[in-house]
Amino acid sequence: MAFSLQLNSPPLLPRSPCGKKLFQPSGITRRSSPSLLSSPRSLFTRQTLRTHSIVRASSSPAAIAEPDGIKINSVPSSPIEGQKTGTSGLRKKVKVFMQENYLANWIQALFNSLPPEDYKNGLLVLGGDGRYFNKEAAQIIIKIAAGNGVGKILVGKDGIMSTPAVSAVIRKRKANGGFIMSASHNPGGPEYDWGIKFNYSSGQPAPESITDKIYGNTLSISEVKMAEIHDVDLSKTGITKYGFFSVEVVDPVSDYIELMESVFDFQLIKNLLSRPDFRFAFDAMHAVTGAYAKPIFVDKLGASPDSISNGVPLEDFGHGHPDPNLTYAKDLVNIMYGDNAPDFGAASDGDGDRNMILGKGFFVTPSDSVAVIAANAQAAIPYFHSGPKGLARSMPTSGSLDRVAEKLNLSFFEVPTGWKFFGNLMDAGKLSICGEESFGTGSDHIREKDGIWAVLAWLSILAFRNKDKKPGEKLVSVSDIMKEHWATYGRNFFSRYDYEECESDGANKMIDYLRDLVSNSKAGKKYGSYTLQFADDFTYTDPVDGSVASKQGVRFVFTDGSRIIYRLSGTGSAGATIRIYVEQFEPDVSKHDLDAQIALKPLIDLALSISKLKDFTGREKPTVIT
């Protein structure tokens, strides 16, 4: 039951041994892989037992205001290096964020970067993937938000809310924006990763114009405005009031389910999942979609409870790496390629915005997945009954989607990596369905990629194709759908090689070398059996607002349509991740069953040769191949 608690007299703050007041989150002694859904844990002792304060006044904080019973302190601070955001927010090791004022500086710099009308007396959403340090961080964010004049924070119970759900809640509740506490698909725990990003009122990640301002303000910050209020009990839904400011703890799932029911035909999917001749498997990877899987797949759609594995969100993701690919979701891969495999399998990542799709003994590449969804959306998904408005993909993603757009006579856009680049197109009514090769798929129902949406889209297509199948008749499978798609559109063989945590200096030198190479490259140059059509460093001009994003990936495009692309990823927390993408189009149906690594071997060898990757990094083999 919801409750309201009026708190006008904040407690005295703890003091350090030298007598200075400390601003710090609170919590409890930690257990290994604790469940975030079932333990009503106290929030009042943790951080003092474990580390130095995370927000500390270098001198006694000065009270700058006391509106409606809340004391707002000005906490002196100073710039900290390394707070420039990457492709999707600021990501570092947990221990970096636990340094005094590190998180507080970035949050205050954000408020300093926004026009006051974008947050003063407004509503902000706060959620996260449940990883280690989220609960402490939530208390810091809440207090700084109050200190800067925000009227209300809406936060998911236990600090949990998937990235897609945050976007959905921002849009439904007409919030001014929201904070997402996540390092996405990166590992969690005391020795691993943490991250923070801000989404605007449309639910989309903040554009570079804002993230650049945030970084600029981190370089000149001198104070953090923090309300002197009690920690909020995140374990119970309800409203807590502090004078003019309030915090509402909400069920993180209900608004998202309501949206999914408006997008998909749940009864159609339920008919499929209830068939005795169809089996389904979903691996939540002990990440945030564990909070959503049972309510959606089991309670709403009738799937068997044992179809959900690793369904309890844990602060360290069960000591796993919550990245849904063939390497890190190996348990699901083994099930789907084993004897008596289910008909359909899927997994999602740490914060719920990525997905992997598998059939019985069959892997669907993310590039193919978005193309199949786009090709079947109008028939199988009620939200698209009038047809998609337009399609888009990130530049490194294969050209499978391009061919669907051409056949359906739809507008098509190629954008840099980063979901924020899709948002303007959606808001302008130019884009409905989009995807990235990095296991991200979504549509304009929200402004983030959406793992569970992609799973429901595939289930809808399978359900639509099998709706008239009688018991005992052979069902249309994932592999059947993919092979039919290739027969219609041709197959784009695609693979990505990831070299994680490379030494940054060597990785940057390799990219500089490639940029020099493309600046001197000319059409017609021979690279083995391939003839160069053009080479460049991808630049994107937004067709909506005219903004320009440069240096988005080095491309070698050949006359037969084959491509080699090189990028440094901005989603890691340490070192540099080099990504190499190779793609080759094959119209010949007789060759569509080739293994991608075999079909692409000449191009992969050429990619390694052109880049001199081993010389620059010393790496012999990639960390992950997809």
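1. Leucine 358 has phenylalanine 363 in β18 as its bridge partner. The model is a predicted one, and this pair belongs to an antiparallel pairing in which 3 bridges link β17 with strand β18 (residues 362-364). The two strands make a hairpin with 2 residues between them. Glycine 361 sits in that turn and has a positive phi of about 65°.

2. Strand β17 also pairs with strand β16 (residues 344-348), again in the antiparallel sense, through 5 bridges. Within this pairing, alanine 346 is placed opposite isoleucine 357 of β17. β16 and β17 form a hairpin as well, here with 6 residues between them. The turn contains glycine 352, whose phi is positive at about 85°.

3. How many residues of strand β17 (residues 355-359) are buried? The count is 5 of 5, and the strand is mostly covered. Cover is found on both faces: Asn355, Ile357 and Gly359 are buried on one side, and Met356 and Leu358 are buried on the other. Leu358, the residue of point 1, is therefore under 20% relative accessible area.

4. A separate region to check is the open sheet of 4 strands, ordered β20-β19-β21-β22, with mixed pairing. Its edge strands are β20 (411-415) and β22 (440-443), each of which pairs on one side only. On average, neighbouring strands in this sheet are turned by 15° against each other, direction ignored.

5. Within that sheet, strand β19 (residues 390-394) and β20 run parallel and are joined by 5 bridges. Serine 394 stands opposite valine 415, which is in β20. Helix α12 (residues 400-408) lies across β19 and β20, and its direction is at about 165° to β19.

6. On helix packing, the axes of helix α7 (residues 254-263) and helix α9 (residues 290-300) come within 10 Å of each other and cross at roughly 45°. α7 is therefore oblique to α9. The crossing of α7 past α9 is right-handed. On the α7 side the contact is made by Tyr256, Ile257 and Glu261. Tyr292, Pro295, Ile296 and Lys300 make it on the α9 side.

7. Is arginine 465 buried, exposed or partly exposed? Its relative accessible area is 28%, and because this falls between the 20% and 50% limits, arginine 465 is partly exposed. The residue lies in helix α14 (residues 451-466).

8. Which residues does arginine 465 touch, leaving out those up to four places away in sequence? They are Val476, Ile481 and Glu484. With glutamate 484 there is a polar contact of 2.8 Å between the two side chains. Asparagine 376 is 89 residues away from arginine 465 along the chain, and their C-alpha atoms are separated by 9.9 Å.

9. For the chain as a whole, the model has 19 helices and 31 strands. Of its 626 residues, 60% count as buried. Taking contacts between residues at least 6 apart in sequence, 73% join residues at least 24 apart.

Definitions and conventions:
Residues numbered from 1 in each chain as written. Predicted model: local features only at pLDDT ≥ 70, side-chain atom pairs only at ≥ 80, totals over all residues. Heavy atoms only, no water. Buried < 20%, exposed > 50% of the residue type's maximum accessible area, 1.4 Å probe, protein only. Contact = heavy atoms within 4.5 Å. Polar contact = N/O pair within 3.5 Å; in protein donor to acceptor, adjacent residues only side chain to side chain. Pairing = 2+ DSSP bridges. Axes fitted to C-alpha atoms, helices over the stretch in contact; angles between N-to-C directions. Parallel < 35°, antiparallel > 145°, perpendicular 65-115°, else oblique. Left-handed = near helix turned anticlockwise from the far one by under 90°.
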